[in-house]
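Here is a short briefing for someone new to this model. Look through the structure below, then read the points by topic.

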Amino acid sequence: MASSANSISTHMTMRLWALLGLLGLIWGGSFFFARVAVAHVPPFTLVLLRLGLAALALHLYLRGRHGIYPALAGRWREFLLMGLINNAIPHAFIFLGQTHIGAGLAAILNATTPVWTVLIANVATEDEKLSTAKFSGCLLGLAGTVVLIGPSALAGLFGTAGDVPLWALVLPVLAAVSYGFSATYGKRFRDLAPPVTAAGQLTASTLIMLPVAVLVDMPWTMPMPPLTTVLAILGLALVSTAYAYILFFRIMAEAGATNTSLVTLLVPPSAILLGYLFLGEMLQATDVGGMLLIAAGLAILDGRVLKLGYSAGR
């Protein structure tokens, strides 16, 4: 059996790193869209709109190609479970948690996804066993995320007000655990075209969220949101969901669950860079330091830097 480092080095080509970076940039942009939309649309309805519009867009894109309908008919149970653990549960948990905690703290908690994925893949798979390099790289990347967000994000947790409910802190962690399971479970869709996998799980999760949003939010009683909110929802659904999941499943099919889960470490620096480019936000020393820590974590997980260092020392 090849070593873990060699396996990762084989899978994570420069093309896959570029796709992973693009996915991180797109999901980093979702913070812009969600920040606008959640002010006018309740969490469950926002999840339904995000998933439903994305599913519709992918069905229009596919137009019956790549065997989408036979796949839906023959593997609907698998899509239903994937939609539950990769869309419905984590999106709802994160949006609900963010009604009481800031985006920074939610990002820190959600950035634990690679750690959960490593642990789950170690138990559930034969080809992605736990190694010191994998675990160390994930922890280093998580430390970089904490530095990026800064101590102010933890004020609600350690402050004296004590007005942060425990469930609001637990939900983003449970979302990260759910993503960890979905990253491992998603490997079974390698035989399908990425748009088919994305459309299948988004269709299933839309059906799951429809009765939840109807019963809890009663969306027909809501006023029409402003144009900026409508545009934010479209960006969240079409760019940060439909197109993003095509990339997500393409990377997973080639690089495995653990490598794909690293995208959660790339989302915070992507959000900071977008804020710098489009909102005039200045980069601080902690931003640079955090991104360097994340880069170091990715390098350790990639394995090639350690391999080069070992070869040079012989």
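Met218 lies in the loop between helix 11 (194-217) and helix 12. Helices here are DSSP runs of H or I with at least four residues, strands are runs of E with at least two, and both are numbered from the N terminus. This is a predicted model, in which local features need pLDDT of at least 70, side-chain atom pairs count only at pLDDT 80 or more, and totals for chains, interfaces and linings use all residues. Residues are numbered from 1 along each chain as its sequence is written, and side-chain values use heavy atoms, with hydrogens and water left out.

**Loop residues with positive phi**

- Most residues other than glycine have a negative phi.
- Met218 has a positive phi of about 45°, although it is not a glycine.
- Met218 is partly exposed, because its relative accessible area is 40%. The classes are buried (under 20% relative accessible area), exposed (over 50%) and partly exposed (in between), with a 1.4 Å probe and protein chains only.
- His66 is also not a glycine, and has a positive phi of about 60°.
- His66 sits in the loop between helix 3 and helix 4.
- With a relative accessible area of 52%, His66 is exposed.

**The nonpolar patch**

- Leu49, Leu53, Leu56, Leu60, Leu227, Leu231, Leu234, Leu238 and Val239 make a nonpolar surface patch of about 780 Å².
- Helix 12 gives the most, with 5 residues.
- An α-helix has 3.6 residues a turn, so residues three or four places apart point the same way.
- Patch residues have over 30% relative accessible area and no salt bridge; like charges are joined within 9 Å, and nonpolar side chains (Val, Leu, Ile, Met, Phe, Trp, Tyr) within 5 Å.
- A salt bridge is a side-chain nitrogen of Lys or Arg within 4 Å of a carboxyl oxygen of Asp or Glu.
- Leu234 is in helix 12. Leu234 counts as partly exposed because its relative accessibility is 36%.

**Tyr243**

- Tyr243 is found in helix 12. Its relative accessibility is 39%, so Tyr243 counts as partly exposed.
- Leaving aside neighbours within four places in sequence, Tyr243 is in contact (heavy atoms within 4.5 Å) with Leu22, Ile26 and Leu238.
- Tyr243 and Ala54 are 189 residues apart in sequence, yet 8.3 Å apart in space, C-alpha to C-alpha.

**Helix 10**

- Helix 10 (residues 166-185) has 20 residues, which should span 28 Å at 1.5 Å a residue; its end C-alpha atoms are 29 Å apart, which agrees. The expected span is 1.5 Å times one less than the number of residues.
- Helix 10 is mostly covered, with 14 of its 20 residues buried.

**The whole chain**

- The chain has 16 helices and 0 strands.
- Of its 314 residues, 49% are buried.
- Among contacts with a separation of 6 or more, 89% join residues 24 or more positions apart.

**Confidence**

- The chain averages a pLDDT (the predictor's confidence in each residue, from 0 to 100) of 80, and 81% of the residues score at least 70.
- Confidence is lowest in helix 1 (residues 4-11), at a mean of 41, and highest in helix 4 (residues 68-74), at 95.
- Over residues 1-10 the pLDDT is below 50, and this stretch has 11 contacts beyond near neighbours in sequence.
- Over residues 156-161 the pLDDT is below 50, with 3 contacts beyond near neighbours in sequence.

Key. Accessible areas come from the Shrake-Rupley method with a 1.4 Å probe; for residues, only the protein chains shown count as cover.
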